[in-house]
Amino acid sequence: MLLPTEIPSPTQGVWYLGPVPLRAYALCILAGILVAVWLTQRRLAARGGDPERVIDVAMWAVPFGIVGGRLYHVISSPQAYFGEGGNPVDALKIWNGGLGIWGAVALGALGAWIGCRRSGVSYLDFADALAPGLIIAQAIGRWGNWFNNELYGGPTDLPWALQIHEWDATTGKAVRDAGGQAVVLGSYHPTFLYESLWCLGVAALLVWADRRFRLRPGQVFALYVMGYTLGRVWIEMMRVDQANHVLGLRLNVWTSLLVFAFGLAWFVLARRQSRSVSTADPMESHTSE
């Protein structure tokens, strides 16, 4: 039964336009990509870059990111595809959900580097211009999990509890009982919503910090890495979906901590390197002939 203040979940995540399926999960990801491209164009132009180059870089970064996100998901959760009762072919069914942000950012960064090299764009300037749009895209993409009734936390009776249905991933619809009513599993923490709101907060922080402080090239993106992973740690520990554990913690918690450390090191090194360049004796850059 839906409580008066409970957040409802959709009972359908795919619709058909003739024979063509329209999947909410894919539409949310697409909407996030479009917003990220638009915002990155504006920010790159403000840095003196050519906004049209963003499309050129995105043509490399987006496919690489999608492949990387799927690879991370399959590698970190192999049982569903290669374990008992699993179907390896399902690893290709990206429309059913399952993109790991770690793989998406890692391989997407490689694609962006290739795109920047081919387009003549500064890689660090592009990364800094991209950071707020990227995390806003993540915030939008999380709503695809809401449509799929997935990635929720533990049971709760809080006013913002999320009603979750028993879900049939093959049809993209809630399972229905003999009376035609969608079967409700219970009310849970809406961790998809927590993460979406956290991402929007980090995006605002990045824009503010970029305007308020004299950040060095690459530091805005490093702040994105640290800001996102901090939120991912506590949100990940709330989730109750099946996941592999290492030393009692979910694998994604360890990944978040490692990536946070990487972002912190990146932020500090970028600051130190810029200082060393700015304080260097300009005569040292000239060699005697």
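Predicted model: local features only at pLDDT ≥ 70, side-chain atom pairs only at ≥ 80, totals over all residues.

1. The crossing of H5 and H8 is left-handed, and the two helices pack at an angle of about 25° with their axes 7 Å apart. Since angles under 35 degrees count as roughly parallel, H5 and H8 are therefore described as roughly parallel to each other.

2. On the H5 side of this contact stand Ala127, Asp128, Ala131, Leu134, Ile135 and Gln138, which meet Gln219, Val220, Phe221, Tyr224 and Tyr228 in H8. By residue class, the contact of H5 with H8 divides into eight nonpolar, two polar and one charged.

3. H5 (residues 123-141) also packs against H1 (residues 24-46), the axes of these helices coming within 8 Å and crossing at roughly 155°. That angle makes H1 roughly antiparallel to H5, and the crossing of H1 and H5 is right-handed.

4. The H1 side of that contact includes Cys28, Ala31, Val35, Leu39 and Arg43, while the residues of H5 include Asp125, Phe126, Ala129, Pro132, Ile136 and Ile140. The residues of the contact of H1 with H5 divide into 15 nonpolar, four polar and three charged.

5. Which residues have the most contacts inside the largest nonpolar core? This core has 29 residues, and those with the most contacts inside it are Phe126, Ala131, Ile135, Leu206, Phe221, Tyr224 and Tyr228. At least two residues each are supplied by H1, H2 (53-76), H4 (101-119), H5, H7 (191-212) and H8 (219-236), and H5 gives the most, with eight residues.

6. Leaving aside residues up to four places away in sequence, Tyr228 touches Ile101, Trp102, Ile135, Gln138, Arg142, Glu195, Trp198, Cys199 and Val202.

7. Not counting residues up to four places away in sequence, Thr156 touches Ala161, Ser187, Tyr188 and His189. The C-alpha atoms of Thr156 and Asp168, 12 residues apart along the chain, are separated by 23 Å.

Terms used:
Residues numbered from 1 in each chain as written. Heavy atoms only, no water. Axes fitted to C-alpha atoms, helices over the stretch in contact; angles between N-to-C directions. Helix = DSSP H or I, 4+ residues; strand = E, 2+ residues; numbered from the N terminus. Parallel < 35°, antiparallel > 145°, perpendicular 65-115°, else oblique. Left-handed = near helix turned anticlockwise from the far one by under 90°. Contact = heavy atoms within 4.5 Å. Nonpolar A, V, L, I, M, F, W, Y, C, P; charged D, E, K, R; others polar. Core = buried A, V, L, I, M, F, W, Y, C linked by side-chain atoms within 4.5 Å. Buried < 20%, exposed > 50% of the residue type's maximum accessible area, 1.4 Å probe, protein only.
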